[in-house]
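I record here what I looked up in this structure, entry by entry.

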Amino acid sequence: MSQISTKPPSGMRDFLAPDVARRRHVIGVIARVYESFGFVPLETPTIENLSTLLGKYGPEGDQLLYRLLHRRERLARALEGKPDGGKTTELDLSDEGLRYDLTVPLARVVANYGELPAFYKRYQIQPVWRADRPAKGRFREFFQCDVDICGTKSLVADAEVCGAVATVLRELGFGNDANGFQIHVNHRELLRAMVSEAGIDLAMEGQALIALDKLDKIGADGVKTELVEKGIAAEAAAKLLDVLAAARAPGFLAARAADAASSVDVAKPGAKAAAELIELLAIVAGGPAGPHLVFDPTLARGLSYYTGPIFEITCAGLAGSMGGGGRYDGLIGMFTKRQIPAVGFSLGLERVLLVMEERGMFPPLGLGPQVLLCRFPEIGAAQAVAVATQLRAAGLRVELFADTPSLGKQLQYAATIGAPFAAILGSNELAAQSLTLKKLTTGEQKTLPIADVAAFVRAG
RNA sequence: GUGAGUGUAGCUCAGUUGGUUAGAGCGCCAGACUGUGACUCUGGAUGUCGGGGGUUCAAAUCCCCUCACUCACCCCA
């Protein structure tokens, strides 16, 4: 098309009024629930330095970062090439990028403000950007709704972030048991132990975990094939699947944890992790996340900064996850000498909205004017403005029709925009300081004093 | 990144083996009805048929390229 495209860029969206109403509704619940858990809000810039962002997410993550090109002289200099004749690289052209998630900016903030509380609990609801290919429920600009607790290794913190997101989903109507949604939980160290037990090189850990994650989708044979394709010996692949099968058996965590208790040496790697998961499950049992938490030894997460328990929310009918999180005790330490442990959970706003949309979970959301004020040509604009002002002062949402075409057109417009009432202002009404209120859905109408209009409209 | 599909009016979509001036429904505009919308009736406006190139007497239709979007995979929230 030679005309300028009027669509937003790929993977990005405009939000018209009904979209905004639904998004605000969900964000409102999330913020309220997060605050009820004692989290305080944080907002950070859209743009971060690349030095902050790079190397935190793993190689795939770095690839998906949006980078901002240098401007003007600096760009020109970079394009000219280096004095020593070396090749110009990405890093010469840019040193800033759009934030990729909210966790890394949080880590930067915690490192930057020493005066924050020792146990800093913040929530953050802001857009993030990833240069991904869009798909159903996946966008290049999307909102994350994060809660994180910094400054403690206590599993109570892990349990609290799970409790917060579980409460959000329960309040939104996703259900109060595991049929509504599940929080899968696993442990990075446990995964690592299983991989190493199978005799797989730790360098291949990431690849192995990605394959493992698909066990439910492609089956044991499928995973094995994929592992071998990735260069892992067939024996090791088979061993890994055996280890995993054992991990799915009831009592696995308890057996593992017992090793930790009975042995001075680390007889079985992962024993401590198993003990932690048992403890976490026990703590969570007392809270809102209790019915939803399930141990899932196949759960792996792509982000490289996780160190302990990891989480992911799934629900029936959704391909990806509604949210995820985990413990990252080393991330903040990448920004400061202080090692500050932390754990967090992130809800994907669009994923939540997608499921709510498909299931028709939205309550009626008030939107647009309650009253369209119509007037006849003989009524001056200033008089109409005065009446509209009175109605607004009484608390109504009022739109004043700007022109004075036939009353029929004005009423038609009121119906088109979905206003429940039209208020008609003519010379009779003006003389009596009254308005004729017409209910658009039924056609009933009644003339009443301006002072009584607000109560009449509210009564429906 | 891989595979498949779809691009025709504001929206949802027809459009035959290539063949006059590209259609329908909804919506929009005007009127019947200038202090009353919805129902009805009458009339009206729409468009670079995604873009570019090619084949042909003739292309929305066939071929090539390109762009955009959708779905699945990959990965993720």
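**Entry 1: helices α1 and α7.** I looked up how α1 crosses α7 and found a right-handed crossing; a crossing is right-handed if the near helix is turned clockwise from the far one by less than a right angle, and left-handed if anticlockwise. For the contact, I listed H25, V26, V29, I30, R32, V33 and Y34 of α1 with A164, V165, T167, V168, E171 and L172 of α7; contact means heavy atoms within 4.5 Å. By class, I noted nine nonpolar, two polar and two charged residues in this contact. Here Ala, Val, Leu, Ile, Met, Phe, Trp, Tyr, Cys and Pro count as nonpolar, Asp, Glu, Lys and Arg as charged, and the others, Gly among them, as polar.

α1 covers residues 17-36 and α7 residues 155-172; their axes are 9 Å apart, at an angle of about 140 degrees. Axes are lines fitted to C-alpha atoms, for helices over the stretch in contact, and angles run from 0 to 180 degrees between N-to-C directions. The two helices are therefore oblique to each other; angles under 35 degrees count as roughly parallel, over 145 as roughly antiparallel, 65 to 115 as roughly perpendicular and the rest as oblique. Helices (H or I, at least four residues) and strands (E, at least two) are DSSP runs, numbered from the N terminus.

**Entry 2: basis of the values.** I note that this is a predicted model, in which local features need pLDDT of at least 70 and side-chain atom pairs pLDDT 80 or more, while totals for chains, interfaces and linings use all residues. Residues are numbered from 1 along each chain, chains are lettered from A and ligands numbered from 1 in the order written, and side-chain values use heavy atoms, without hydrogens and water.

**Entry 3: helices α10 and α11.** I found the axes of α10 (residues 215-229) and α11 (residues 234-248) within 7 Å, crossing at roughly 155 degrees. That makes α10 roughly antiparallel to α11. Their contact has eleven nonpolar, no polar and three charged residues.

A base oxygen of RNA strand B is 2.7 Å from a side-chain N or O atom of K438. A backbone N or O atom of M322 lies 3.2 Å from a sugar or linking oxygen of RNA strand B.

Definitions and conventions. Polar contact = N/O pair within 3.5 Å; in protein donor to acceptor, adjacent residues only side chain to side chain.
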